[in-house]
Amino acid sequence: QVQLVESGGGLVQAGGSLRLSCVLSGTIFSINAMGWYRQAPGRQRELVATISSAGSTNYADSVKGRFTISRDNAKNTVHLQMNGLKPEDTAVYYCNRARLDFRPWPFGSWGQGTQVTVSS
């Protein structure tokens with residue numbers, strides 16, 4: 001059974017930084033393209049960054065130039081470095097599988113997510 005455990009969220013002032021981490025177990029991590037998703041209150045979950053098994057990355061326009069996704073296949077871990085945070089980045093952040101053409105392709109389950117709150 002696939003399990004995803006996200007961590008690293010918190011409360012930060014606008015302009016600040018956070019680094020999120022996600023550990024995947026229950027499947028072969030290295031062959032999957034992974035992504036970070038977020039869901040703000042009252043809004044649908046959206047994909048914000050993806051990384052292929054080989055390390056190619058892609059970003060939503062709203063986070064391009066501020067967020068960096070990376071992965072460590074030896075540790076089954078994917079990270080999201082978030083710089084220049086804005087109040088509109090406030091959301092619960094999740095990691096899950098994604099397609100290389102920047103479309104969602106989640107496993108059948110989600111982790112608990114990690115809350116990111118950016119104050120103005």
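## Serine 52 and its contacts

In this predicted model, serine 52 touches Ala33, Arg71 and Leu100, leaving aside residues up to four places away in sequence. Serine 52 belongs to the loop that runs between strand S5 (46-51) and strand S6 (57-59).

Is serine 52 buried or exposed? Its relative accessible area is 8%, and the cut-off for buried is under 20%, so serine 52 counts as buried.

## The disulfide

The whole structure contains 1 disulfide. Cysteine 22 and cysteine 95 form it, with their sulfur atoms 1.6 Å apart. Cysteine 22 sits in strand S3 (residues 18-25) and cysteine 95 in strand S9 (residues 91-97), so the bond ties together parts that lie 73 residues apart in sequence.

Both cysteine 22 and cysteine 95 are buried.

## The four-stranded sheet

Strand S3, which holds cysteine 22, is also part of an open sheet of 4 strands. The order in this sheet is S1-S3-S8-S7, and the pairing is antiparallel. Strands S1 (3-7) and S7 (67-72) are at the edges; each has a single partner strand, so one side of each has no neighbour in the sheet. From one strand to the next, the twist averages 15 degrees.

Strands of a sheet pair through backbone hydrogen bonds. Here, S7 and strand S8 (residues 77-82) run antiparallel and are joined by 6 bridges. Within this part of the sheet, phenylalanine 67 stands opposite methionine 82 in S8.

Technical notes. Residues are numbered from 1 along each chain as its sequence is written. This is a predicted model: local features need pLDDT of at least 70, side-chain atom pairs count only at pLDDT 80 or more; totals for chains, interfaces and linings use all residues. Side-chain values use heavy atoms; hydrogens and water are left out. Two strands pair if DSSP finds at least two bridges between them. Helices (H or I, at least four residues) and strands (E, at least two) are DSSP runs, numbered from the N terminus. Axes are lines fitted to C-alpha atoms, for helices over the stretch in contact, and angles run from 0 to 180 degrees between N-to-C directions. Buried means under 20% relative accessible area, exposed over 50%, partly exposed in between (1.4 Å probe, protein chains only). Contact means heavy atoms within 4.5 Å. A disulfide is a pair of cysteine sulfur atoms within 2.5 Å.
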